[in-house]
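Here is a short briefing on a two-chain model. Keep the structure open while reading.

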Amino acid sequence: MAVLLEKSFPVEAGAYTTAGEASTTIKRTLKQLGISADVLRHVSVACYEVELNLVIHSLGGTLTLLVDPEKVTLISKDVGPGIPDIEKAMTEGFSTANEEARTLGFGAGMGLPNMKRNATNFEIQSEVGVGTTITMSFALA
Amino acid sequence: MTIREVMKIVDGKVLVGEDRLDTRVDTACGSDLMSDVLAFVKDKTVLITGLINPHVVRTSEMLDITCIVFSRGKMPSEEILEMADEIGITVISSPMTTYTACGELYVHGLPGTKKKAEGV
């Protein structure tokens with residue numbers, strides 16, 4: 001499928017102040033493309049959750065946005081530390097977030113399940129010591 | 001219910017978005033936990049919270065929340081207010097606690113968000 005748009009955003013580990021800026025840009029970009037409000041909200045929520053996860057949990061990574069005529073795809077790829085038990089991480093309420101994240105109102109163990117709920121397709125691959133890749137797509141029709 | 005009615009019910013003061021008081025809201029959510037807000041909220045919602053930081057506004061932007069009520073008379077910083085105004089979110093400061101503000105809105109007919117985002 002022909003890619004209409006591709007944009008990558010580096011996300012820095014521990015950058016709590018700027019966390020969410022990539023998601024804001026992505027939301028505004030998609031809005032300009034005329035994507036429906038419903039799809040846009042699903043993409044925005046999942047995007048913000050995954051960006052926060054990169055800031056809170058990873059050693060840094062990249063968020064990539066791809067748009068083709070049928071779907072929006074978000075790819076989050078980090079450089080570690082990797083998730084030892086994905087099943088556990090996907091359980092609502094399970095969280096390894098630090099105090100700083102919790103002070104900001106996050107780290108309730110809702111992120112990954114909420115991404116899965118909002119995306120049409122959700123895939124997660126992780127290897128300890130290597131990194132985690134999350135691929136989410138959102139159907140436009 | 002309109003944001004103007006919300007403002008009166010919570011005895012609030014509008015900090016930004018005076019020109020958007022006639023916007024309609026259908027539901028409300030009271031929480032200091034943005035993780036839960038992200039999991040439960042739909043559009044045309046009022047968020048009542050005692051948490052003050054820029055992520056409250058970012059979370060609201062992602063969800064198309066149209067109005068934030070900061071409870072217990074808390075005053076957000078200029079930075080937070082500017083962010084909200086730029087996005088088009090009305091910000092109200094209420095002297096009520098979160099519990100009381102939610103209770104007042106509920107008895108005046110504003111329901112809570114009932115379920116998680118679609119696709120549950």
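Two strands count as paired if DSSP finds at least two bridges between them. By that rule, five strands of chain B form an open sheet, in the order S1-S5-S4-S3-S2. The model is predicted.

- Strand S1 (13-16) and strand S2 (27-30) of chain B are the edge strands, and each pairs on one side only.
- On average, neighbouring strands of the sheet are turned by 25° against each other, direction ignored.
- S2(B) and strand S3 (residues 45-49) of chain B run parallel, joined by four bridges.
- Within S3(B), B:Val46 is the bridge partner of B:Ala28.
- Helix H4 (residues 78-87) of chain B lies across S1, strand S4 (67-70) and strand S5 (90-93) of chain B.
- The angle of H4(B) to S1(B) is about 80°.

**The hairpin of chain A**
- Strand S4 (residues 121-127) and strand S5 (residues 131-139) of chain A pair in the antiparallel sense, over seven bridges.
- A:Ser126 has A:Thr132 of S5(A) as its bridge partner.
- Three residues lie between S4(A) and S5(A) in this hairpin.
- In the turn, A:Gly129 has a positive phi of about 90°.

**The helix pair H1 and H2 of chain A**
- The axes of H1(A) and H2(A) come within 9 Å and cross at roughly 160°.
- Angles over 145 degrees count as roughly antiparallel, and H1(A) and H2(A) are therefore roughly antiparallel to each other.
- Their crossing, H1(A) with H2(A), is right-handed.
- H1(A) makes the contact through A:Ala22, A:Ser23, A:Ile26, A:Lys27, A:Leu30 and A:Lys31.
- H2(A) makes the contact through A:Leu40, A:Val43, A:Ser44, A:Cys47, A:Tyr48 and A:Glu51.
- By class, the residues of this H1(A)-H2(A) contact are seven nonpolar, two polar and three charged.

**The contact between the chains**
- 20 residues of chain A are in contact with 20 residues of chain B.
- Helix H1 (21-32), helix H2 (37-57) and helix H5 (111-118) of chain A are the elements that give two or more residues to the side of chain A that touches chain B.
- H2(A) gives the most to that side, with six residues.
- The side of chain A that touches chain B has seven nonpolar, nine polar and four charged residues.

Technical notes. Residues numbered from 1 in each chain as written. Chains lettered and ligands numbered in written order. Predicted model: local features only at pLDDT ≥ 70, side-chain atom pairs only at ≥ 80, totals over all residues. Contact = placed C-beta atoms within 7 Å. Nonpolar A, V, L, I, M, F, W, Y, C, P; charged D, E, K, R; others polar. Axes fitted to C-alpha atoms, helices over the stretch in contact; angles between N-to-C directions. Parallel < 35°, antiparallel > 145°, perpendicular 65-115°, else oblique. Left-handed = near helix turned anticlockwise from the far one by under 90°.
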